[in-house]
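Please consult the sequence and the structure shown here alongside the text.

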Amino acid sequence: MALTLMKGSEAIAEAAIRAGARFFFGYPITPQTEIPEYMSARMPEVGGCFLQAESEIAAINMVYGAAGTGARVITSSSSPGVSLKQEGISYCAGAQLPCVILNVMRGGPGLGNIQASQADYFQGVKGGGNGDYHLLTYAPSSVQEAIDIMMFAFEKAEKYRMPVLFLADGIIAQMMEPVEMPEMVDYKVDPEKKPWACTGWKPGDDPKKRGVINSIYIDTESLSVHNEELQAIYAEAKKNEQLWECYKTEDAEFIITAFGTVARVVKTAVDELREMGVKVGLFRPISVWPFPYEPLRETVLRDSVKAVLDVEVNEGQMLEDVRLAIEGGKPVEFFGHLGSQFPTTGEIKSKILEMKEGK
Amino acid sequence: MKKMVVLIGNYGSGKTELALNFAFKAAERGERTELIDLDMVNTFFRLTERGRLARLREIRVVSPNYACSGIESLSVPAEVQSAFAMDWDTVIFDVGGDAVGSTALGRYHQDFMELPEGSLEVLNVVNIRRPLAGTVEKILRLQEEMQIHGRLKITGMINNTNLAQMTTDAELRDGYEMIREASEKTGVPVAYTSGKRELLERFLAEGHDPRFIGTPLPIDTYMQRDWDSWVKGLGGPSEQVLFTSAGG
């Protein structure tokens, strides 16, 4: 298949359409405005709906409504906008609505800046909205990977009836890379497969088939039952949906953990360190919820491994999960930047060399 | 006579790279050169980011107000008028992508119309590997929209087909075929074919019809991104080994 030169934003938007998304609700915000822009031109071509909402809050609630009909629905925003969406995301999780939410992370807190960041890891994987809920959360590290994940994101969302969150960043959204775009999926709402969806009920129909999309359970008993059901689903997702990459970890003395775009910088640093004779490897969680705790633990607890370095563009958010996985089994150090500057391969190499020399 | 080159085209077609190449070559010939960053639609990857390289060559750079300051609301500076009011040998306009970006040109319609016959080139930069320029129909539609929004008639096309780091011989060749068809349909000539020197030389050696090649323009890359130094695997389907807890 021919390669196309695509900007991350365009590629993610096109992949969503090819995966069957026919509703986009959003509001512009840098660095992801190209996503709604692309959707505004492309959705009408495929008989879909692009709607620029009056706010991010309105957009996520439109997602709630449209997802309730069983359609494939997507919204996108960047950090401050995703903060605004949190109430709606919690409602979607509570009402068990499959949908896809894109967060093209930028610097924070507050308005922060418009450059790439990874500081919404906590918001994405530890909640953000209220209640005991999780989102299937993926952190792509290339434009192609963002496309590939999008192609199964809706299926996963529907399988578990939970929203999927993309933790991308401004670099993925803005960078242009040659990509292979998959064929269009032919998706139609099938009431048999989605008996919960509101696909049309009229008086006289079986009352049991009446879809109700709701996240309120007034009495303690039924809320408890509902939450237990959710937790059972999350347990299943934790078991089945961990996704990660190991790069040159087999004989490594040092393991670097990193997600998203930063992992690509790390990969280059790993290659350059290997050329210098330093045995180093990368462990890259692709699903950050569920986090691949056990695989990371196994990788790090090998005898060859002396220490772990976690690299992120934040204060060390995934670091907490890395430490939970390793449970003190090996020393863990952190290297990161806070102002949206990306770590360079040189900085990562220096840090590893320092660790090697025992500084 | 003052020569003006206006570069318009699809997002990511390579307008800024070409603007820098045109300007640097003009400066090398000793021409008094001005570069106008008229991209009012995209915050990132603008000509102004390479302003220092231009100024080192004694090229004057005009940028939108607040460009490259991390602020997203840009405005057109009055200084753009210097393109018309002052005495230059060459002025190059680097305009924002698509029809929306071309709108910024409309403001200078009167000034462009008053230029002497033959001094203005309006060039549509085409990269057929970009999705919105991937077919003849799309190229023609985009060209038409940009002419309407920019209030300028396109005088030539540039075949700048590439796949960034993954560009092969097929890119210019496929671009040639498609742009030739677009040119035949519209009567708009192919003014230039541009690419990395070695790719361009191989393309020229293939013996295509020179009427649809125009002037060959070997280009240097100035718009490298930070990530060009650390992006491995280039793009496209990757060979990385992934693991999943479901075992497949």
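Strand 5 (residues 100–105) of chain A and strand 7 of chain A run parallel and are joined by six bridges; helices (H or I, at least four residues) and strands (E, at least two) are DSSP runs numbered from the N terminus, and two strands pair if DSSP finds at least two bridges between them. The model is predicted: local features need pLDDT of at least 70 and side-chain atom pairs count only at pLDDT 80 or more, whereas totals for chains, interfaces and linings use all residues. Residues are numbered from 1 along each chain as its sequence is written, while chains are lettered from A and ligands numbered from 1 in the order in which they are written.

**Strand 7 of chain A and its partners**

- Val100(A) has Val164(A) as its bridge partner in strand 7 of chain A.
- Strand 6 of chain A also pairs with strand 7 of chain A, in the parallel sense and over three bridges; there, Tyr138(A) has Phe166(A) as its bridge partner.
- Six of the six residues of strand 7 of chain A are buried, where buried denotes 20 or more other C-beta atoms within 10 Å of a residue's own, exposed 12 or fewer, and partly exposed the range in between, with C-beta atoms placed from the backbone.
- In a regular strand the side chains alternate between the two faces of the sheet.
- Val164(A), Phe166(A) and Ala168(A) are buried on one side of strand 7 of chain A, and Leu165(A), Leu167(A) and Asp169(A) are buried on the other.

**Strand 1 of chain A**

- Strand 1 (residues 4–7) of chain A is likewise covered on both faces, with Thr4(A) and Met6(A) buried on one side and Leu5(A) and Lys7(A) on the other.
- Strand 1 of chain A runs antiparallel to strand 8 (residues 176–179) of chain A, to which four bridges join it.
- Lys7(A) is placed opposite Met176(A) of strand 8 of chain A.

**Nonpolar cores**

- The largest nonpolar core has 117 residues, and those with the most contacts inside it are Ala16(A), Val63(A), Cys99(A), Val100(A), Ile256(A) and Val266(A); such a core is a set of buried Ala, Val, Leu, Ile, Met, Phe, Trp, Tyr and Cys residues joined through C-beta atoms within 7 Å.
- Helix 6 (residues 143–160) of chain A gives the most to this core, contributing nine residues.
- This core lies between domain 1 (4–179) and domain 2 (245–356) of chain A, because both give residues to it.
- A second, separate core has 55 residues, among them Ala23(B), Val125(B), Leu132(B) and Leu152(B).
- Beyond its neighbours within four places in sequence, Val100(A) is in contact with Ala16(A), Ile74(A), Ala153(A), Phe154(A), Ala157(A) and Val164(A), contact meaning that the C-beta atoms of two residues, placed from the backbone, lie within 7 Å.

**Domains of chain A**

- Chain A is divided into domain 1 (4–179) and domain 2 (245–356), with bounds that come from an automatic or database domain assignment.
- The centres of domain 1 and domain 2 of chain A, taken over C-alpha atoms, are separated by 27 Å.
- Contacts between the two domains of chain A involve 24 residues of domain 1 and 20 residues of domain 2.
- On the side of domain 1 of chain A that touches domain 2 of chain A, helix 5 of chain A gives the most, with four residues.
- That side of domain 1 of chain A comprises 13 nonpolar residues, 10 polar and one charged; Ala, Val, Leu, Ile, Met, Phe, Trp, Tyr, Cys and Pro count as nonpolar, Asp, Glu, Lys and Arg as charged, and the others, Gly among them, as polar.

- The contact takes 39 residues from chain A and 31 residues from chain B.
- The side of chain B that touches chain A has 14 nonpolar, 11 polar and six charged residues.
- An open sheet of six strands with mixed pairing has the order 14(A)-13(A)-10(A)-11(A)-9(A)-9(B).
- Strand 14 (332–336) of chain A and strand 9 (242–244) of chain B stand at the edges with a single partner strand each, so one side of each is left without a neighbour in the sheet.
- Strand 9 of chain A pairs with strand 9 of chain B in the antiparallel sense over three bridges, and Trp244(A) has Phe243(B) as its bridge partner there.
- Strand 9 (residues 243–247) of chain A also pairs with strand 11 (residues 280–285) of chain A, in the antiparallel sense over four bridges; in this pairing Trp244(A) stands opposite Pro285(A).
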